[in-house]
Amino acid sequence: MSDPTSRALRAAQRVWRSASSDHLSLVAAGVAFYALLSLFPALGFGVALYGLVADSNDVLRALEVVRGVVPGDAYALLTDQLIRISEGPDTALSVGAVVGLALALWSANRGTKALLSGMNIAYDEAERRGFVELNLVSLALTALIAVSGCLAIGGFTLVHTWVPDTLTKTPVWRSGQGLVLWVVAQGLLGILYRFGPNRRRPAWRWVSVGAVLASVAGVAASLVFSAYVEHFANYNQTFGALGGVAITMTWFWLAAFVVLLGAEIDAEIDRAPATPALREVA
């Protein structure tokens with residue numbers, strides 16, 4: 001085994017031991033809970049907002065980009081909720097929609113703060129930011145993630161209203177959408193890993209080893225989990241009507257854990273200057 005490969009394997013072992021000792025899975029569970037709590041109010045506000053410029057069917061067609069990556073039951077829960085909200089008596093912007101947005105932002109912000117705590121643990125850093133600064137950073141990152149998601153879905157929605165369905169169903173078109181989402185994810189991870197943990201003089205990297213591996217591992221874990229749910233597990237039999245909710249929450253947990261694991265990888269690279277093979281990639 002070559003020396004760079006052995007160093008990389010030892011680094012991977014240290015990352016996994018650190019992730020276990022830092023209890024990142026428990027932190028990810030907290031992030032998943034708040035993400036699920038913010039999902040449905042955010043959908044209500046999103047439908048009210050998009051109802052001003054686009055039809056709900058266009059939004060559903062735009063969401064096809066995540067079909068196959070998101071577990072089938074989670075995707076069905078998302079689309080069913082969108083249809084139910086869009087067919088409600090009041091889908092325009094209203095006081096209820098604004099209240100839903102406030103609840104969604106509060107829940108999402110709590111999830112973001114849990115994510116920041118997990119990244120501080122990954123970097124072995126104590127939280128030294130004051131109450132005001134921490135909440136401003138958390139709210140800014142929460143708003144950035146929410147706006148990026150809205151812009152991505154809104155952009156796909158508008159494009160789907162202009163482009164024929166025969167073109168949007170082609171593999172080339174789907175690959176292009178996936179590439180756009182990957183670029184957006186890399187940018188968000190770069191900002192999250194730069195401003196999230198309370199580090200001293202952190203290096204600025206739009207693309208890091210942790211961000212790249214987190215995005216790749218996230219897609220792979222989602223695909224494997226989707227296949228497991230479809231072919232081996234029966235969440236609906238176990239959880240009944242809550243099967244879709246359980247699957248969605250587990251998928252959120254996987255996503256949060258992968259993001260935190262990416263932070264652990266970058267932290268290991270920063271702590272280990274003796275791993276030039278990894279630093280060259282970073």
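In what order do the elements of the chain run from the N terminus on? The order is α-α-α-α-α-α-α-α-α-α-α-α, and the secondary structure comes to 12 helices and 0 strands. Helices (H or I, at least four residues) and strands (E, at least two) are DSSP runs, numbered from the N terminus.

This is a predicted model, in which local features need pLDDT of at least 70 and side-chain atom pairs count only at pLDDT 80 or more, while totals for chains, interfaces and linings use all residues. Residues are numbered from 1 along each chain as its sequence is written, and side-chain values use heavy atoms, with hydrogens and water left out.

Confidence is given as pLDDT, the predictor's confidence in each residue, from 0 to 100. The chain averages 78, and 76% of the residues score at least 70. Helix 11 (residues 243–271) has the highest confidence, at 89, and helix 12 (residues 276–281) the lowest, at a mean of 44. Over residues 274–282 pLDDT stays under 50, and the model has 17 contacts beyond four places in sequence for this stretch; a contact means heavy atoms within 4.5 Å. Where pLDDT is low, the predicted coordinates should not be read in detail.

Of the 282 residues in the chain, 43% are buried, that is, under 20% relative accessible area, with exposed over 50% and partly exposed in between (1.4 Å probe, protein chains only). Among contacts with a separation of 6 or more, 78% are between residues 24 or more positions apart.

Two helices illustrate the packing. Helix 8 (residues 171–195) and helix 9 (residues 209–231) pack at an angle of about 135 degrees, with their axes 9 Å apart. Axes are lines fitted to C-alpha atoms, for helices over the stretch in contact, and angles run from 0 to 180 degrees between N-to-C directions. Helix 8 and helix 9 are therefore oblique to each other, since angles under 35 degrees count as roughly parallel, over 145 as roughly antiparallel, 65 to 115 as roughly perpendicular and the rest as oblique. From helix 8, Trp182, Gln186, Leu189 and Tyr193 meet Gly210, Ala211, Val212, Ala214 and Ser215 of helix 9.

Two single residues follow. Asp22 lies in the loop between helix 1 (3–21) and helix 2 (24–50), and counts as buried because its relative accessibility is 14%. Beyond its neighbours within four places in sequence, Asp22 contacts Ile121, Ala122 and Glu264. Val137 belongs to helix 6 (residues 131–162). Leaving out residues up to four places away in sequence, Val137 touches Leu116, Arg129 and Phe195.
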